[in-house]
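Please view the sequence and the structure first.

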Amino acid sequence: MTVDIDGVRLHLAHPDELAVTWVGQEEVMRQLLASWLVVDEHDLPMNPRLLGKPGVGKTTLAYAAAKRLGREVYILQATVDTRPEDLLVTPVIEGEARLRYVASPLVTAMLRGGVVILDEGNRMSEKSWASLAPLLDNRRYVESMVAGIKIKAHPLFRLVATMNDDASTFDLPEYIHSRLQPQITVDFPERHEEYAILKENLPFGEEQILNFVTDFLQQAHSADERYTVRDGINVARFATKLQQMEDHPMGQSDALRMALLQVLGEEALRYVTRF
Ligand SMILES: Nc1ncnc2c1ncn2[C@@H]1O[C@H](COP(=O)(O)OP(=O)(O)OP(=O)(O)O)[C@@H](O)[C@H]1O
Ligand SMILES: [Mg+2]
């Protein structure tokens with residue numbers, strides 16, 4: 001698909017299709033949807049940032065929220081190498097002395113009135129963030145130096161950034177921070193929610209395994225350990241596989257112990273109350 005802006009043809013990106021359902025934790029979902037709401041013709045949507053430990057469900061929440069609005073979702077995975085043109089428009093050589101301009105997932109969402117998830121935005125340099133400054137305030141446009149055009153956001157365009165609170169990241173400058181508001185913190189789920197999340201992701205998982213892993217995660221959370229539901233899903237998944245090997249099936253306790261050791265290491269065993 002293409003769109004022409006000021007005589008420049010932009011080739012659009014494809015939306016992302018993920019099979020995810022958000023389970024429990026309705027409060028953060030409400031906050032995210034509220035921040036995107038427009039309540040008056042003079043109002044503007046906000047650009048929230050989701051903060052939380054790796055694997056708590058930030059990307060899943062962002063995606064599920066966008067889907068609840070029935071919008072197309074575009075995920076832009078940010079890294080330390082993400083350059084301003086990767087966020088906006090990149091030129092690609094096409095045949096002899098011809099350039100094709102390719103719109104990023106973000107620009108595609110801007111043009112189509114979709115939602116962009118700027119995933120792991122904390123990994124991106126200040127220089128790249130700076131190119132988004134006008135988009136994140138009441139101007140709602142970006143300027144592509146490469147294509148020499150100004151691109152205005154569709155009124156339905158929404159943005160959310162996810163950020164890990166680990167150390168491997170850039171500290172964002174204040175003028176970016178102040179544009180990425182509100183900050184919504186995704187925390188560990190309650191026990192019954194965590195069980196439901198494991199069940200949603202592993203519908204074939206045995207109840208005993210899911211309960212064991214839920215107990216383990218809850219113990220780890222109360223010690224403010226970094227293990228999240230993603231780790232729990234991996235442990236439960238591996239234990240289930242070990243149990244079901246045809247030629248040498250393992251007993252449940254052995255399978256769980258081995259899965260914990262191999263997914264999370266020796267230290268994880270201290271949060272086990274019983275095998
Ligand atoms: N409330 C929830 N409902 C359904 N699935 C969830 C929920 N919370 C977490 N998950 C599951 O946990 C896993 C990790 O979630 P996700 O990838 O969204 O975490 P993240 O916070 O984006 O991690 P990272 O910081 O590493 O990117 C996924 O498999 C996701 O399906
Ligand atoms: Mg993520």
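Which backbone atom lies 2.9 Å from a nitrogen atom of ligand 1? The atom in question is a backbone N or O atom of Val23. The model is predicted, and the distances below are computed from it.

**The ligand site**

| Residue | Atom of the residue | Atom of ligand 1 | Distance |
|---|---|---|---|
| Val23 | backbone N or O | nitrogen | 2.9 Å |

On its own, ligand 1 has 630 Å² of accessible area, and the protein covers 89% of it. The ligand sits in the largest pocket.

How many residues surround ligand 1? There are 19, and the closest are Gly55, Lys58, Thr59, Thr60 and Asn164. Sorted by class, this shell has eight polar, seven nonpolar and four charged residues. Some helices contribute to the shell: at least two residues come from each of α2 (58–68), α7 (191–201) and α9 (229–243).

Most peptide bonds are trans, and most residues other than glycine have a negative phi. Some places in this model depart from that pattern.

The bond that runs from Gln181 to Pro182 is cis, and its omega is near 0 degrees. Pro182 belongs to the loop that links α6 (174–177) and β11 (183–185).

Ala97 is not a glycine, yet its phi is positive, at about 55 degrees. Where is Ala97 found? Ala97 is in the loop between β5 (89–93) and β6 (99–103). Is Ala97 buried or exposed? Ala97 counts as exposed because its relative accessibility is 85%, and the cut-off for exposed is over 50%.

Asp224 is not a glycine either, and has a positive phi of about 55 degrees. Asp224 lies in the loop between α8 (207–222) and α9. The relative accessibility of Asp224 is 55%, so this residue counts as exposed.

In short, ligand 1 sits in the largest pocket, with 19 residues around it. The backbone has a cis bond from Gln181 to Pro182, and a positive phi at Ala97 and at Asp224.

Methods:
Residues are numbered from 1 along each chain as its sequence is written. Chains are lettered from A and ligands numbered from 1 in the order in which they are written. This is a predicted model: local features need pLDDT of at least 70, side-chain atom pairs count only at pLDDT 80 or more; totals for chains, interfaces and linings use all residues. Side-chain values use heavy atoms; hydrogens and water are left out. A residue is near a molecule or strand if one of its heavy atoms lies within 4 Å of it. A polar contact is a pair of N or O atoms within 3.5 Å; within protein, one must be able to donate a hydrogen and the other to accept it, and residues adjacent in sequence count only if both atoms are side-chain atoms. Accessible areas come from the Shrake-Rupley method with a 1.4 Å probe; for residues, only the protein chains shown count as cover. On a 1 Å grid over the protein atoms alone, a cavity is a set of points where a 1.4 Å probe fits but cannot get out, and a pocket is an open set with protein on both sides within 12 Å along at least five of seven lines; lining residues have an atom within 4 Å of a point. A molecule sits in a cavity or pocket if more than half of its atoms lie within 2 Å of its grid points. Helices (H or I, at least four residues) and strands (E, at least two) are DSSP runs, numbered from the N terminus. Ala, Val, Leu, Ile, Met, Phe, Trp, Tyr, Cys and Pro count as nonpolar, Asp, Glu, Lys and Arg as charged, and the others, Gly among them, as polar. Buried means under 20% relative accessible area, exposed over 50%, partly exposed in between (1.4 Å probe, protein chains only).
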